[in-house]
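Take the points in order and find each residue as you go.

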Amino acid sequence: MKKSIAILKCLCYNDKQFTNVRKARLVFMKNQIEKLKKVKNAVILAHYYAPDAAQNLADYVGDSFYLAKIAKESTADMIVFCGVSFMGESAKILNPDKKV
């Protein structure tokens, strides 16, 4: 990823153009993730200490207990967890028929 950003920066004439290219790339990536969420019938859960980018994409943000409850109540076929591994493992135990 850093190499791609460095290449994009070299293609731009100044920092403002680089910022615009980076923003456009981030918007494109967000749109792709949103499309995949719909196609896969997925829900994204992010813990409070997940990076801001993950929290901004998440459907729900909270602590591990809150997110476990959301995972259990979710009608989504796929659960994407942005946190530590035990959170995803807990979601899988609560939802053995779903992809986590």
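1. Before anything else, keep in mind that this is a predicted model. The residue numbers below start from 1 along the chain.

2. Let's begin with strand E1, which covers residues 42-47. Is E1 mostly covered or mostly exposed? Mostly covered: 6 of its 6 residues are buried.

3. Now look at where the E1 side chains go. In a regular strand, side chains alternate between the two faces of the sheet. Here, Ala42, Ile44 and Ala46 point one way from E1, while Val43, Leu45 and His47 point the other way. Residues of both sets are buried.

4. Which strands does E1 pair with? One partner is E3 (residues 78-82), paired with E1 in the parallel sense over 5 bridges. In E3, Ile79 stands opposite Val43. Another partner is E2 (residues 60-62), also parallel to E1, this time over 3 bridges. There, Val61 of E2 stands opposite Ala46.

5. Next, the largest nonpolar core. It has 10 residues in all: Val43, Leu45, Leu67, Ile70, Ala71, Ala76, Ile79, Phe81, Met87 and Ala91. The elements that give two or more residues to this core are E1, helix H4 (64-73), E3 and helix H5 (85-94). H4 has the largest share, with 3 residues. You've already met Val43 and Ile79 as residues that stand opposite each other, and both belong to this core.

6. Time for the largest pocket, which has a volume of about 190 Å³. Its lining is made of Leu26, Met29, Lys30, Ile33, Ala53, Asn56 and Leu57. Helix H2 (15-40) and helix H3 (52-57) are the elements that give two or more residues to this lining. Which of them gives the largest share? That's H2, with 4 residues. Sorted by class, the lining has 5 nonpolar residues, 1 polar and 1 charged.

7. Finally, pick out Asn56, which is found in H3 and is one of the residues that line the largest pocket. Why does Asn56 count as exposed? Its relative accessibility is 60%, and the cut-off for exposed is over 50%.

Technical notes. Predicted model: local features only at pLDDT ≥ 70, side-chain atom pairs only at ≥ 80, totals over all residues. Heavy atoms only, no water. 1 Å grid on protein atoms, 1.4 Å probe; cavity = no way out; pocket = protein on both sides within 12 Å on 5 of 7 lines; lining within 4 Å. Points joined across faces, edges and corners; volume = space filled by probe spheres on them. Nonpolar A, V, L, I, M, F, W, Y, C, P; charged D, E, K, R; others polar. Buried < 20%, exposed > 50% of the residue type's maximum accessible area, 1.4 Å probe, protein only. Pairing = 2+ DSSP bridges. Core = buried A, V, L, I, M, F, W, Y, C linked by side-chain atoms within 4.5 Å.
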